[in-house]
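Please open the model in your viewer and keep the selection tool at hand. We will go from stop to stop, and at each one you will hear what to select and what is there.

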Amino acid sequence: MPYLNFSQQVKSELVRVQPSHAECKQAELFGLIQSAGALHIGTKGPSIEIKTENAGLARKTVSYFRELSQSTTELIVEKETKLKKHNLYRVRLRVPLENDVLSETVINNILNKQVPQLSNECCKRSYMRGLFLGSGSIQHPEKAYHLEIRLSSKSFARRAQAFLESAGLNFGLTERRNDYLLYLKDAESVAVFLTMVGAHRSLLEMENIRIIKDMKNNVNRLVNCEDANIDKTVTASLNQLKAIEILEEHGVLKKMPRTIQDVAEVRKENFDASYAKIGDILGISKSAVSYRLKKIEKEAEKITNDSRKEETYEE
Ligand SMILES: [Zn+2]
């Protein structure tokens, strides 16, 4: 079964989140620049560059740059080729900037990987959204509950981890091929993250899959449990029938007490009956049934062992 790329789905939902608060937009853009931005030195001077294959994210970045900054914005599209299946978008914002929300000092701060001071809850969430849009990914919930944000700087990864922790999200941190991964790997915290950043539709889908998965697990557990019980009864019953057969063949059963012969008789007629059921039929207790059936098995075992010994003597 082919899986939809859940990361792309979550991101296309997040791209459409339009915060009304100007500071939220700024916070989201900071997160995006810090996770996916780089300083580009071109012929026209330095600029901040965001590289992405997501057309929606490129558009959002352009509109944020234009809204928040007076500086020149440039959008470069590298068309898909046979080697590259998707267009690559480079969105650039020229520096230095003056009297600008995205002034040079702010840009320096962003590139020096300092987590911005954000006092509003909405802005903190917008910053997280920016981080995820820039370098996040999430596994399809059919496969696993796993969300991660890939960062290139260890010190920034640590700071981002502390920031996320202060927001109530306990991300793990691990190194992979010179990158630093902040990750969540349980359904509960992945769900909290999706709620915080505003991926409500994706969250709903994940929760639906989770409910179905849990139901399947419960049904499997029940079925396995019943199977195990049936198995146990059947195995025990088969052993007892075999024992009764041996006792009959050797003429031992008819020499045993009447009470034991009765239990043997009822067992033969009620292959899958529980001890309680056999007890009901005979008007005796469950433990009396168990005791007598064990006696039958022990006697049969003696006969089997004896005949094995005889076989050995004959050789
Ligand atoms: Zn805000």
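Select Gly-168, which sits in the loop between α6 and β7; helices (H or I, at least four residues) and strands (E, at least two) are DSSP runs, numbered from the N terminus. Gly-168 counts as exposed because 10 other C-beta atoms lie within 10 Å. The scale for this has 20 or more other C-beta atoms within 10 Å for buried, 12 or fewer for exposed, and partly exposed in between, with C-beta atoms placed from the backbone. Now draw a distance from Gly-168 to Ile-211: they are 43 residues apart in sequence and 24 Å apart in space, C-alpha to C-alpha.

Before moving on, two notes on what you are looking at. This is a predicted model, in which local features need pLDDT of at least 70 and side-chain atom pairs count only at pLDDT 80 or more, while totals for chains, interfaces and linings use all residues. Residues are numbered from 1 along each chain as its sequence is written.

Is Asn-170 buried or exposed? Asn-170 is exposed, with 10 other C-beta atoms within 10 Å. Leaving out residues up to four places away in sequence, Asn-170 touches Glu-165 and Ser-189; a contact here means C-beta atoms, placed from the backbone, within 7 Å.

Next, select Arg-177 in the loop between β7 and β8 (179-184). Arg-177 is not a glycine, yet has a positive phi of about 45°. Arg-177 is exposed, with 6 C-beta neighbours inside 10 Å. What is the phi of Asn-178? Phi of Asn-178 is near 65°, a positive value in a residue other than glycine. Asn-178 is exposed too, with 7 other C-beta atoms within 10 Å.

**Helix α1 and its partners**

Two packed helices are described by the angle between their axes and the distance between the axes. Select helix α1 (residues 6-15) and helix α5 (residues 121-135), which pack at an angle of about 135° with their axes 10 Å apart. Axes are lines fitted to C-alpha atoms, for helices over the stretch in contact, and angles run from 0 to 180 degrees between N-to-C directions. The angle makes α1 oblique to α5; under 35 degrees counts as roughly parallel, over 145 as roughly antiparallel, 65 to 115 as roughly perpendicular and the rest as oblique.

Show side chains for Lys-11, Leu-14 and Val-15 of α1 and for Arg-129, Phe-132 and Leu-133 of α5, which make the contact. By class, the contact of α1 with α5 has four nonpolar, no polar and two charged residues. Ala, Val, Leu, Ile, Met, Phe, Trp, Tyr, Cys and Pro count as nonpolar, Asp, Glu, Lys and Arg as charged, and the others, Gly among them, as polar.

Keep α1 and bring in helix α3 (residues 55-68): α1 and α3 pack at an angle of about 25°, with their axes 9 Å apart. They are therefore roughly parallel to each other. Lys-11, Ser-12 and Val-15 in α1 meet Gly-56, Leu-57 and Lys-60 in α3, a contact with two nonpolar, two polar and two charged residues.

**The cores**

Now select Ile-33, Tyr-127, Phe-132, Ala-160, Leu-182, Leu-194 and Val-197, the residues with the most contacts inside the largest nonpolar core, which has 50 residues. Such a core is a set of buried Ala, Val, Leu, Ile, Met, Phe, Trp, Tyr and Cys residues joined through C-beta atoms within 7 Å. Helix α2 (residues 22-36) gives the largest share of this core, seven residues. Zoom in on Val-197: leaving aside neighbours within four places in sequence, Val-197 is in contact with Leu-14, Arg-125, Met-128, Arg-129 and Phe-132. Another core, of 13 residues, lies apart from the largest one, and among its residues are Leu-253, Ala-264, Ile-278 and Ala-300.

**Last stop: α9 and α10**

Finish with helix α9 (residues 258-269) and helix α10 (residues 275-282), which pack at an angle of about 120° with their axes 10 Å apart. That makes α9 oblique to α10. Asp-262, Val-263, Val-266 and Arg-267 of α9 make the contact with Ile-278, Ile-281 and Leu-282 of α10.

Methods
Two residues are in contact if their C-beta atoms, placed from the backbone, lie within 7 Å.
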